[in-house]
Number of protein chains: 2
Amino acid sequence: MNDIKQKIEMANMEALKRINEADPVLVDIAPAGEAIPGLEDRMILHSGPPVDWLRMSGAQRGSMLGAAIFEGWAKDAEEATKLFAGGAIRFEPNHPHQAVGPMAGTISPSMPVWIVENKTVGNLAFCRQVERFQQFGDYGEEALQGLRLWRDVWAPALKKGLRQMGGLPLKPIIAKSLQMGDELHNRPVAASSLFANAMACPLIEADVPKGQLIGTIKYITNHELIFLALAMAAAKSSVDPAAGIEYSTVVTAMARNGTDFGIRVSGLGDEWFTAPAPRVEGLYFPGYGPADAGADMGDSAITETVGWGGFVLAGATGILALVGGTPEEAMAYSRDMRQITVGASNNYRMPIMGFQGAPVGIDIRKVVQTGIVPIIDTAIAHRNPGYSIIGAGLVRAPFECFKKALVRFSEKYGPNRTS
Amino acid sequence: MNDIKQKIEMANMEALKRINEADPVLVDIAPAGEAIPGLEDRMILHSGPPVDWLRMSGAQRGSMLGAAIFEGWAKDAEEATKLFAGGAIRFEPNHPHQAVGPMAGTISPSMPVWIVENKTVGNLAFCRQVERFQQFGDYGEEALQGLRLWRDVWAPALKKGLRQMGGLPLKPIIAKSLQMGDELHNRPVAASSLFANAMACPLIEADVPKGQLIGTIKYITNHELIFLALAMAAAKSSVDPAAGIEYSTVVTAMARNGTDFGIRVSGLGDEWFTAPAPRVEGLYFPGYGPADAGADMGDSAITETVGWGGFVLAGATGILALVGGTPEEAMAYSRDMRQITVGASNNYRMPIMGFQGAPVGIDIRKVVQTGIVPIIDTAIAHRNPGYSIIGAGLVRAPFECFKKALVRFSEKYGPNRTS
């Protein structure tokens, strides 16, 4: 083995070890402006790599408008548009702020965010509430009402419950839910159910007022996607310590903004390697079709980055009714993902594959060598602002991102060969 | 097609239709003595076909002693043994009383039972609480304390919650849990979680006192087997209307008492067709092994009778860590069960098999013709009285039961051929 190859292997084993040793615990819920470093007033975070207002996808623009109206910075979409276009409201990607957000991923200062601490290292990760409206680009009154209930009723109650119980370890819930047909991205239904049960007693014990208590328990026991935000924050907190390892070719983020798909690589610092966001192959809700769809969007591919989502589709065949495909295809996806990852999870296992660990740590070398790109479960947003969710499906990460990253890797770590 | 064969096919389609059309709803919880027809004072119901005291298995005797002490009919096991042996406490099987019970299946008058109504027909079915001690033959103080908490704290609270909500439809929970890796017999973990989700708000809204409320919610959110009793009552309420159809060769009960394995057949009335209860192949808890094991026991095979449990093992591979075996074997079991059933469920589907319906309606003719006998998930009790659960595994229904039933069928419905 030549010297550089050995350095890469060791660096990648270190990255795998850090991801495997992560211990994500839900520790708090707090307004984003208080919790997230660098999120300032008149600033909104968003999913994916950086993008400017003119190139921003319709759904992400719609979601931005909604956040600006929700914050009271603008009275309507027209006024908000002017503020964004003129630079009076700034925006930056979530990832550099230790944050992730589903779909448009917009996080504005007064939105309460889930706070997950990776107890092994002590780093925090943040994710916003998951819902089916404003995060997809809907800025209507009903969409914003969901954000207000979250801010004023549900999040404060859950915060009390979390303090009552002293934090909720997420690893046991994630491990269990993967044996209950979840893949934790499009289908976190078991984890959401287990989460609701874990919170019920602490919410009662914390003396949340009865009306708020009932409202909050109704919210968490009926929200089948609630755990997606926790899976995302858990994934982000688990993979962040694996970033910045010299010589590592492991992917530490895959994120999309509806315009570009970007990845970041451990040994390549904060740089984004981007390609146009692909179209999603999927099933549409009645009244919508492929012509309505925006391109791939969201930080939620952080779940695939740590080996969940599309990577464990074999164990989550219940999702096929939502995204299409056959059990055999699902099994093939999970087998394929083994070929482009550096190892397996020692926590998260798939019964249907004989309790093998989930495939962890996407290696840009293996992607380029095999031509196999990561498979990602996702939802579909409209191509224009103002719509809620219109469908769900599967998407492949663009090969070009991995190729660009490998070229940069060669430039940085030459000699001019990487394997 | 000859005349008798046509009559059988039509009768079996009618049986399948009745099972498929069942709509089980959890309507109440009440003391068995008030709820169950024919359960009198100084009488205990038990699992399986009829058995006398001398032939009764050790675990079932132990469970009977526990029930007698719990009722206050005896101060200890010695006194209780005399009462049973002398006939001062009577016992009868659950099934003729519209009831089912897990493992020893003992139901005594003051034990609250779950009451499920099949809304399609209006018939009721009853099942006792599932726990890991007294139903396995443990009659110690700690085992009985669990029965008292159920009687005095948890069951009364749940009853209030059920009244508050006006009953809980079980069909949606069952259908959903089968897509979450449950088989509803040894592994009802998803259904139990969904059940706890559904009960949380009604319990709060029903103004259950805070201490009792917290105790009950702790109980239901931590009891991964709680739904087994509801699956059993749902199954019993679903299959009972399919009993007593002239010419039908469909099995309407499979039940074991640790001594005998018995089946009942739709066209053959209330008669039991029995064979010695087989030994279970399984995995044991530390300190126990096959030499300690009692034979197969429990009414819980009512779940397989309607197409769950071992019949849907393909979709519940998470259970293999508990009972042993491989995903390929699990898939083969579910495929095999198609060969001995009259049809498929149109409610309960398996994503891993391309959303095919569960195999429903065991046909004694097909069992005898193919030599394939039903596969059953089960727990393992000790061969002696006084023990709690010692393991779990898989068991095959004895071929002899089906052969005996087919012989009787020929006698009753001759001419001397049945296919």
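In chain B, four strands make an open sheet in the order β10-β9-β8-β12, with antiparallel pairing. Strands here are DSSP runs of E of at least two residues, helices are runs of H or I of at least four, and both are numbered from the N terminus. Two strands count as paired if DSSP finds at least two bridges between them. The edge strands are β10 (273–276) and β12 (297–298) of chain B, each pairing on one side only.

A word on the source. This is a predicted model, in which local features need pLDDT of at least 70 and side-chain atom pairs count only at pLDDT 80 or more, while totals for chains, interfaces and linings use all residues. Residues are numbered from 1 along each chain as its sequence is written, and chains are lettered from A and ligands numbered from 1 in the order in which they are written.

Back to the sheet. Strand β8 (residues 251–257) of chain B is joined to β12(B) by two bridges, and the two run antiparallel. Asn257(B) stands opposite Met297(B) in β12(B). Across β9 (260–265) and β10 of chain B lies helix α14 (residues 399–413), at about 150° to β10(B). Axes are lines fitted to C-alpha atoms, for helices over the stretch in contact, and angles run from 0 to 180 degrees between N-to-C directions.

Next, the two chains. Their contact takes 28 residues from chain A and 28 residues from chain B; residues are in contact if their C-beta atoms, placed from the backbone, lie within 7 Å. On the side of chain A that touches chain B, α7 (189–205), α8 (210–222) and α11 (320–323) each supply at least two residues. α7(A) gives the most, with ten residues.

Now chain A by itself. Its secondary structure comes to 14 helices and 16 strands. The radius of gyration of chain A is 20 Å, close to the 22 Å of the globule rule for 419 residues, so the chain is as compact as a globular protein of that length. That radius is taken over C-alpha atoms, and the rule is 2.2 Å times the number of residues to the power 0.38.

An automatic or database domain assignment gives chain A domain 1 (23–235) and domain 2 (242–413). Their centres, taken over C-alpha atoms, are separated by 21 Å. In chain A, 46 residues of domain 1 are in contact with 50 residues of domain 2. On the domain 1 side of that contact, α3(A) gives the most, with six residues.

Methods:
Two residues are in contact if their C-beta atoms, placed from the backbone, lie within 7 Å.
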